[in-house]
Amino acid sequence: MRIPDLNSLYDAGSRLLLESTVRVGVTGLRRAGKTVFVTALVDNLLKAGRLPFMDVVSSGRFQAARLRPQPDPDVPRFDFEGHLAALTGPDPHWPEPTRGIGQMRVSLRYRPDSALKRTVQPLATLNLDLVDYPGEWLLDLPLLRQSFAEWSTQTLELAARPPRDALSASWRGWLATVDPSAPAEEETARRGAALYTDYLHACRRADTLLSLIQPGRFVEPGDMKDAPLLTFCPLHGSQRARGSLWALMEERYEAYKTNVVRRFFAEHFSRLDRQIVLIDVLGALNAGPAGMADMKRALELSLEPFRHGASGWFDWLFGSKIDRVLFAATKADHIAAHQHAQLRALLDRLVGDARNAIRFEGAQVETMAIAALKCTESVVTEHEGRQLRCVRGVPVGRDRPTVLFPGEIPEDAEAFPPGRDRPYNFLAFRPPDDLGRDPRGLPHIRVDQALQFLLGDYLT
């Protein structure tokens, strides 16, 4: 047996001490801006011109960052270059939303702050692995602790209440003609699944921004389109006769949980060290009370994985714990800067229970109002003798900058206080035209503060 020499042992020890890896999951409900966030984060790390609140940058210890091959060859690479081109090209536009899992690795080279590390070697490396996947997939996790009968009852009750009742009318009308105890027929199962999927897509398109959509693969199937695993739907009753339609649907529901949900989260979610949860709070305000309530319910379900040990089912499934979680209200540039505190306060209200549970288990939690890509400027205008704090940008559907008063979020963090049940009207904006000409990186609001919270302790 060959005994390694002292130089080999020294080199191995140096690599162990001066090269580390952190895996960050970028999650959030639909329309939260996950794709743009990952693109902007990576672009800013590569250019490092807009990161004053990252200690490693402000202290002058940051050397450079570069893209590296991702560690999992069977996982699709996040299309950073394509998404950046969409934002910075001659016709800037928002990139396509996340439709499947994507991953990429960025290596950060820096000078350690620790005297011990500097003695061993003057430079250290942090491998940042970013994992992005559709928000609908996150909502599948609660299915793991629900039987088919429990899930059916819950889903049917939800579908019968406004505003979902009108959207689910065709599917519920079909259910009324079906006997769950009748012999299973493949065509019947496929018809029910198709109508149920149409209902979920209608929820997705609704002006009320309905967020609770299960199972997630029905609307974002990825590579599972037309698979038998996606041909089931909730049913009335609790019939369990062998060979019945109920038994077939229940069997496929359980197979979906085992082969899709449990496998996906065990392979990807369980390996996360840190997580940022992006939330389109302004979109929920635009959707009105129904949209806000639906988002709150969806958040409560999707955030359950962070409650380590709270109910006893997370630990045996995942094994590892996420020690830092950042909740971020996105699109903060759509409102004037003085409103950011109210936006954060509203976010705190939405995630308050989950945040407290996470802290109780010993993890660090933070909330922020951010914009991955800053599309507007805050300006002050005068209207009828009154000064208004407005935003200036190019709204989606227009071709020139406009000054707009976006409205205000209540200071008491109550989204719809007594006497107000109408939605808000926060507009969406186009990416600015000159992004590709700025060598400092994509403009943002507090992405550097988000990075400091998620990575700061690794970069010491």
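Two strands count as paired here if DSSP finds at least two bridges between them. Strands themselves (E, at least two residues) and helices (H or I, at least four) are DSSP runs, numbered from the N terminus. Keep that in mind for this pair: Arg23 stands opposite Asp129 in strand 4.

Okay, quick housekeeping. This is a predicted model, so local features need pLDDT of at least 70 and side-chain atom pairs count only at pLDDT 80 or more, while totals for chains, interfaces and linings use all residues. Residues are numbered from 1 along each chain as its sequence is written, and side-chain values use heavy atoms, with hydrogens and water left out.

Now the overall picture. The protein chain has 16 helices and ten strands. Its radius of gyration, taken over C-alpha atoms, is 24 Å, close to the 23 Å from the globule rule for 460 residues, so the chain is as compact as a globular protein of that length. That rule, by the way, is 2.2 Å times the number of residues to the power 0.38. Along the principal axes, the C-alpha atoms fill a box of roughly 85 × 75 × 45 Å. Of the 460 residues, 54% are buried; buried means under 20% relative accessible area, exposed over 50%, and partly exposed in between, with a 1.4 Å probe and protein chains only. On contacts, meaning heavy atoms within 4.5 Å: if you take those in the protein chain with a separation of 6 or more, 76% are between residues 24 or more positions apart.

Let's go to the domains, whose bounds come from an automatic or database domain assignment. Domain 1 is 18-136 + 268-374 + 434-458, and domain 2 is 139-267. Their centres, over C-alpha atoms, are separated by 31 Å. The contact takes 32 residues from domain 1 and 27 residues from domain 2.

So what's on the inside? By nonpolar core I mean a set of buried Ala, Val, Leu, Ile, Met, Phe, Trp, Tyr and Cys residues joined through side-chain atoms within 4.5 Å. The largest one has 87 residues, and Trp171, Leu285, Phe327 and Leu343 have the most contacts inside it. Helix 11, residues 245-267, gives the most to this core, with ten residues. Both domain 1 and domain 2 give residues to this core, so it lies between them. If you click on Trp171 and leave aside neighbours within four places in sequence, you'll find contacts with Leu156, Ala159, Gly192, Leu195, Tyr196, Tyr199, Cys233 and Pro234. Apart from this core lies another, of 50 residues, with Phe37, Ala124, Leu130 and Leu435 among them.

How many bridges join strand 3 to strand 4? Nine, with strand 3 (residues 102-110) and strand 4 (residues 124-132) running antiparallel. Along that pairing, Tyr110 has Ala124 as its bridge partner, and Gln103 has Val131. Strand 1 pairs with strand 4 in the parallel sense, over eight bridges.

Is strand 4 enclosed or open to the outside? Nine of its nine residues are buried, so strand 4 is largely enclosed by the rest of the structure. In a regular strand the side chains alternate between the two faces of the sheet. Here both faces are covered: Ala124, Leu126, Leu128, Leu130 and Asp132 are buried on one side, and Thr125, Asn127, Asp129 and Val131 on the other.

Three strands form an open, antiparallel sheet in the order 8-9-10. Strand 8 (377-383) and strand 10 (402-404) sit at the edges. Neighbouring strands here are turned by 40° against each other on average, direction ignored.

Val403 lies in strand 10 and counts as partly exposed, at 38% relative accessibility. Beyond neighbours within four places in sequence, Val403 contacts Val379, Thr381, Cys390, Val391 and Arg392.

Notes: Axes are lines fitted to C-alpha atoms, for helices over the stretch in contact, and angles run from 0 to 180 degrees between N-to-C directions.
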